[in-house]
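Here is a short briefing on a predicted model. Read it beside the sequence and the coordinates.

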Amino acid sequence: MSSHFVVAKCRSCGYLAYPPRIACPTCGSLEFRRQVLDQGTVTEVTTRRPVNKRRQLPWGNWLDQHATRLATITSDLGPRIVALVPEGVDVGDRVTLRSQASTAIALPGQVVAGQPLLPGGTVGDGGPGIGTPLSDYPGRK
Amino acid sequence: MSDGARIVGSGEARYVRHPSVERRTETFIAEAVMEALDDAGIPLTEVDGFAVSSFSLQPDHAIDLMWKLGISARWTMEDTNGGASAVNMLQHAMRAIEAGDAETIVIASGDRMEKREFHLMTDQYNKVARDYLAPLPLNGPNALFAFLTQRYAKQESLTQADFACIPLAQRAWATKNPGAVYRKPMTLDDYLSSVPIAPPLTRFDCVPIVSGGNAIVVTSAEKAAKLGAPSVGIRAIRASYNPDHQDGDGLTTGFADIRDDLWTAAGCRPEDVDGAWIYDDYPVMVLVQLQNLGLIPDGDVSRYLNQTILEDAWPVNTSGGQLSAGQAGAAGGLHGMVESVRQLRGVAGERQVPDAQLGLVTGYGMVLYTHGSCHNAAILERIG
């Protein structure tokens, strides 16, 4: 369901860009390749209160709003990633970064950063969608 | 000091939480513009430059607004930098007047902003917000500033009660500002027992979304002198945009980069200013800006908060700031500048800072991914 969490790496100097950039800010190169970024440490966590019960995303999908647990992950290779984390994950925890391109859900024990939710992509195709209460994730007891 | 340009008037369209259907973005901006011109004593027909910042003008732009407002001009600009738009527009307007490209420029901003518009704006704030943050779902910037607040609390050993000093002190100022949407006195208990939005942020750490508009009038020193009323001169403006490519911690910001140059160019020191109007999207950023710009000389942030801000009520955001007066979209950028101009011209009513001569005004904003990327500041001075 989820895939490797990937960032852009400058082919010339190795700078890691997430979200990706057009030009490398340290050497000016325009050439990037993909770099898997999977290990990190949670540096801040918050639980964002739902703002509205239900609202529409810019591309039309309706989103059920629930409290969402969000974190800053300082990856071992440097970049800070803003990610969705399951309940129980706290500051100082070691985590594995994963991404899910079309539904962006968090698997237990893993962390999913905000990879693009494709316009027109359905929320919850076979699995829990964005905004699913954390207690309803598969495998959570 | 700019020899050529003076701020001679300011206006604010009354902020409202829930605007009636017929009041649109243009309505709020127009009200602010007319009030500012009235305040300056300059007729609309003498305006020859117009700058505007708004998140909700589309599909209109500055030129459409000029047409609707009846302004013919020889200079125009439109700014998209939200909280940093006011200082940026002032920097450009000042140079245009110095160069003779225009003589009297109105700088305006405003938004009709309700919950739905606000969420649409934050979800599509930029492509990264749309593609990488909104889908989490992030639901606005509160969580990002909760992270920055935690990081800063750790760095400076601050408690929740320390952070409370900012909203409490600003609310105390707001009780004297009839234009603030929240004016009821607030206690530490009110703050600590309020709804958690994204811990450690409570409801009182997040700006109330309002609709409103703000405007100032900038003109030549020559014309300002003829008007006879006190005006406001611009000692220095400095800015820093995208200084760290979002690789920094968001706590040592572009303000630290511009600090020395800003004070040198202004020919004064942080301790010389009589008040500060700091862009207050969140209490943590008020502190980061004050600290980065050198206003917390001993580095003891907790003491500064409890003593200087809360007990001594040293003037910071004397309108109540956006935290109590409200954030009217892009008008939030001009809110502090309008208040500083009122204070320096001596027309701030019950909350007037005695003998206010020198003021610091800042702009901050435009989160690219994890923190703001636009930093600018102006040192303003009362003339006459």
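Pro59(B) is found in the loop that links β2 (49-53) and α2 (62-69) of chain B. Helices (H or I, at least four residues) and strands (E, at least two) are DSSP runs, numbered from the N terminus. The model is predicted: local features need pLDDT of at least 70, side-chain atom pairs count only at pLDDT 80 or more, and totals for chains, interfaces and linings use all residues. Residues are numbered from 1 along each chain as its sequence is written, and chains are lettered from A and ligands numbered from 1 in the order in which they are written.

**Backbone details, chain B**

- Gln58(B) and Pro59(B) are joined by a cis peptide bond, with omega at about 5°.
- A cis bond also runs from Pro199(B) to Pro200(B), where omega is near 10°. Pro200(B) sits in the loop between β5 (196-198) and β6 (201-202) of chain B.
- Asn139(B) is not a glycine, yet has a positive phi of about 60°. Its place is the loop between α5 (127-133) and α6 of chain B.

**Helix packing, chain B**

- Helix α6 (residues 142-156) of chain B packs on helix α11 (residues 283-292) of chain B at about 50°, and their axes are 9 Å apart. Axes are lines fitted to C-alpha atoms, for helices over the stretch in contact, and angles run from 0 to 180 degrees between N-to-C directions.
- α6(B) and α11(B) are therefore oblique to each other. Under 35 degrees counts as roughly parallel, over 145 as roughly antiparallel, 65 to 115 as roughly perpendicular, and the rest as oblique.
- On the α6(B) side the contact uses Phe145(B), Leu148(B), Thr149(B) and Tyr152(B). On the α11(B) side it uses Val284(B), Leu287(B) and Val288(B). Two residues are in contact if their C-beta atoms, placed from the backbone, lie within 7 Å.

**Nine-strand sheet, chain B**

- Nine strands form an open sheet with mixed pairing, in the order β3-β2-β4-β7-β1-β8-β11-β10-β9 (chain B). Two strands pair if DSSP finds at least two bridges between them.
- Strands β1 (residues 5-16) and β8 (residues 231-241) of chain B run antiparallel and are joined by two bridges. Ile7(B) has Val232(B) in β8(B) as its bridge partner.
- Helix α10 (residues 254-266) of chain B lies across β8 and β11 (372-383) of chain B, at about 145° to β8(B).

**Three-strand sheet, chain A**

- An open, antiparallel sheet of three strands has the order β3-β2-β4 (chain A).
- β3 and β4 (32-36) of chain A each have a single partner strand, so one side of each is left without a neighbour in the sheet.
- Five bridges pair strand β2 (residues 6-10) of chain A with β4(A) in the antiparallel sense. Ala8(A) stands opposite Arg34(A) in β4(A).

**Confidence, chain A**

- Mean pLDDT (the predictor's confidence in each residue, from 0 to 100) is 72 for chain A, and 59% of its residues reach 70 or more.
- Strand β3 (residues 16-17) of chain A has the highest confidence in the chain, at 96. The lowest is in strand β11 (residues 110-113) of chain A, at a mean of 56.
- Residues 101-109 of chain A stay under 50, and the model has 38 contacts for them beyond four places in sequence.
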